[in-house]
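User: I should like to learn how to read the features of a protein model. Please take me through them step by step.

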Amino acid sequence: MSWVKEVVKNIVARYNTSDPFELASLKKIEVVELNLHDEIKGFYKYDKRNRFIVLNSNLESFHQKFVCAHELGHAELHSRLNTPFLRASTLYSSSRVEVEANTFAVELLIPDNIITKDYQSTIFEAAAEYGVPREVVHLKNF
């Protein structure tokens with residue numbers, strides 16, 4: 001999915017940030033935190049040209065960052081498609097739109113330059129450092 005990586009590179013270059021909360025704000029996507037059921041991590045909603053990312057307020061901040069990045073992926077890649085709730089099982093989904101949103105989040109949160117000859121961590125340690133779940137780290141395209 002190199003095309004998703006290109007979308008991410010263009011957004012990061014244009015806005016000079018890879019922070020999903022900052023990008024959402026710059027792109028006029030309202031991020032809302034709600035007290036959702038434990039199984040529901042968040043979702044993306046498009047309604048009459050208004051875009052919303054809803055996050056579970058019970059999540060720890062590093063989890064919220066990944067969920068925000070995932071939902072931002074939906075906003076960018078599937079902008080008029082309302083997405084179902086992101087659940088833990090969504091990380092294993094084979095649905096095209098969910099895999100694309102996970103890929104977007106992974107590419108946004110894990111910088112390409114983490115793999116160097118001096119870098120002693122594994123990709124899994126690096127993913128943990130950037131708040132990316134192990135279940136989706138394989139989507140990173142170096």
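This is a predicted model: local features need pLDDT of at least 70, side-chain atom pairs count only at pLDDT 80 or more; totals for chains, interfaces and linings use all residues.

User: How many helices and strands does the protein have, and in what order do the elements run?

Analyst: Helices (H or I, at least four residues) and strands (E, at least two) are DSSP runs, numbered from the N terminus. Here there are five helices and three strands. From the N terminus on, their order is α-α-β-β-β-α-α-α.

User: What share of the residues of the protein counts as buried?

Analyst: Buried means under 20% relative accessible area, exposed over 50%, and partly exposed in between (1.4 Å probe, protein chains only). Of the 142 residues of this protein, 44% count as buried. Among contacts with a separation of 6 or more, 59% join residues 24 or more positions apart.

User: How does one check the span of helix 3?

Analyst: The expected span of a helix is 1.5 Å times one less than its number of residues. Helix 3 covers residues 61-77, and its 17 residues should span 24 Å; the end C-alpha atoms are 24 Å apart, which agrees.

User: Which side chain joins that of H70 in a polar contact?

Analyst: A polar contact is a pair of N or O atoms within 3.5 Å; within protein, one must be able to donate a hydrogen and the other to accept it, and residues adjacent in sequence count only if both atoms are side-chain atoms. H70 lies in helix 3 and is buried, with a relative accessible area of 0%. Its side chain is joined to that of N102 by a polar contact of 2.8 Å.

User: Where is N56 found, and what does its side chain reach?

Analyst: N56 is in strand 3, residues 50-56. With 1% relative accessibility, N56 counts as buried. The side chain of N56 reaches the backbone oxygen of I40 at 2.8 Å. Leaving aside residues up to four places away in sequence, N56 touches L34, L36, H37, D38, I40, K41 and Q64.

User: Which residues other than glycine have a positive phi?

Analyst: Two cases may be considered. N16 has a positive phi of about 60° although it is not a glycine; N16 is in the loop between helix 1 and helix 2 and is exposed, with a relative accessible area of 71%. K48, also a residue other than glycine, has a phi near 50°. K48 lies in the loop between strand 2 and strand 3 and is exposed at 70% relative accessible area.

User: What is the volume of the second largest pocket, and which residues line it?

Analyst: On a 1 Å grid over the protein atoms alone, a pocket is an open set of points where a 1.4 Å probe fits, with protein on both sides within 12 Å along at least five of seven lines; lining residues have an atom within 4 Å of a point. Grid points are joined across faces, edges and corners, and a volume is the space filled by probe spheres set on the points. The second largest pocket has a volume of about 190 Å³. Its lining includes K5, V8, S18, L108 and K140. Helix 1 gives the most to this lining, with four residues.

Conventions: Residues are numbered from 1 along each chain as its sequence is written. Side-chain values use heavy atoms; hydrogens and water are left out. Contact means heavy atoms within 4.5 Å.
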